[in-house]
Amino acid sequence: MLKLLAILFMTLDHIGAYWGLYMDPKLYLILRVIGRLAFPIFAWELALGFRRTHNLFKYALRLFALAVVSQLLFNPVMERQFIEPHPNVLFTLSLGLVLLTSWEMIFRGRRDLLIRMQPIQEGNGIPDPWHFRFNPGFSLNPVLAISLGLFFFILSFAAAIYFELDYDVYGLLTILLFHLALNEPEGQVASTAMISFAFLNILFVCGSIVLHDYHLLPNDVFYWSATQGFSLFALPLIFSIKEKGKKPSVLQRSFFYFYYPLHILLILYLRAKLF
């Protein structure tokens with residue numbers, strides 16, 4: 001149910017984004033505000049997926065492959081409609097998995113890491129706390145793990161800024177904060193996530209005030225950072241909708257991977273035909 005809501009919010013946001021020039025400004029604003037609820041839900045689901053997946057490498061590869069394929073489909077269509085192509089949000093989510101992996105490599109090296117890193121068993125059956133083994137069969141010294149973790153942690157933020165990804169640093173920090181909230185005791189997860197996410201949004205607005213001239217006008221940086229504050233309303237949805245424990249079917253798991261590129265292409269197609 002939660003993912004379906006996120007998909008609905010995302011679809012409305014994209015309708016506003018790509019049809020905005022041809023609709024009433026108030027309707028445009030309403031669609032974009034509703035769309036602010038989508039990313040926090042996807043970020044939350046990504047943080048959950050990072051913890052639950054049995055094969056992080058396949059998960060990341062699948063998400064990144066979809067991002068690349070979607071971009072290859074979007075770019076020529078956007079260019080024909082004089083829309084400047086921009087990296088889709090799946091690149092941000094893919095980079096979020098790299099960020100979480102690097103965080104785990106630094107601070108939680110004794111837990112599962114990339115491709116289910118696990119402790120090497122000594123001859124007496126006691127785990128060696130100073131070396132870790134990847135499933136492919138090689139070990140990683142914790143000093144190297146920390147060094148690589150720091151490198152990819154910094155690289156994740158640098159890549160988000162350099163390639164101007166959707167939500168860039170804000171998006172990566174959202175994913176990281178949700179991951180950290182999930183490490184809290186069960187009774188504190190919701191409050192930790194809400195407080196930290198609210199604080200992030202306050203910093204986001206304050207940062208745009210400091211770094212930019214601000215006016216409440218469409219396409220202005222401050223305008224959008226203030227609008228992003230509506231994303232806070234996604235968290236009550238996240239914690240009030242109880243997901244069933246039953247494992248989703250292959251069709252349910254695959255739905256988003258087909259829906260994401262197809263719905264944007266359909267919106268762009270209708271834009272060309274209707275307007």
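**Figure 1. Overall fold of the protein.** Eleven helices and three strands make up the protein. The model is predicted. Along the sequence, the elements run α-α-α-α-α-β-β-β-α-α-α-α-α-α. The protein has 275 residues, and 44% of them count as buried. Its accessible surface is about 15,700 Å². Carbon and sulfur atoms account for 68% of that surface. Take the contacts between residues at least 6 apart in sequence: 65% of them join residues at least 24 apart.

Figure 2. Helix H1 covers residues 2-19. At 1.5 Å a residue, its 18 residues should span 26 Å. The end C-alpha atoms of H1 lie 26 Å apart, in agreement with that figure. Of the 18 residues in H1, 13 are buried, so the helix is largely enclosed by the rest of the structure.

Figure 3. The protein holds 20 aromatic pairs. A pair of aromatic rings is described by the distance of the centres and the angle of the planes. Phe42 sits in helix H3 (residues 38-52) and Phe256 in helix H11 (residues 250-274), so the pair ties together parts that are 214 residues apart in sequence. Both Phe42 and Phe256 are buried.

**Figure 4. Close-up of an aromatic cluster.** Phe39, Trp44, Tyr167, Tyr170, Phe178, Phe197, Phe204 and Phe239 together form one cluster of aromatic residues.

Terms used. Residues numbered from 1 in each chain as written. Predicted model: local features only at pLDDT ≥ 70, side-chain atom pairs only at ≥ 80, totals over all residues. Heavy atoms only, no water. Helix = DSSP H or I, 4+ residues; strand = E, 2+ residues; numbered from the N terminus. Expected span 1.5 Å × (residues − 1). Buried < 20%, exposed > 50% of the residue type's maximum accessible area, 1.4 Å probe, protein only. Contact = heavy atoms within 4.5 Å. Areas by Shrake-Rupley, 256 points an atom, 1.4 Å probe, with all protein chains shown as cover. Phe/Tyr/Trp six-rings, centres within 6.5 Å; stacked < 30°, edge-to-face > 60°.
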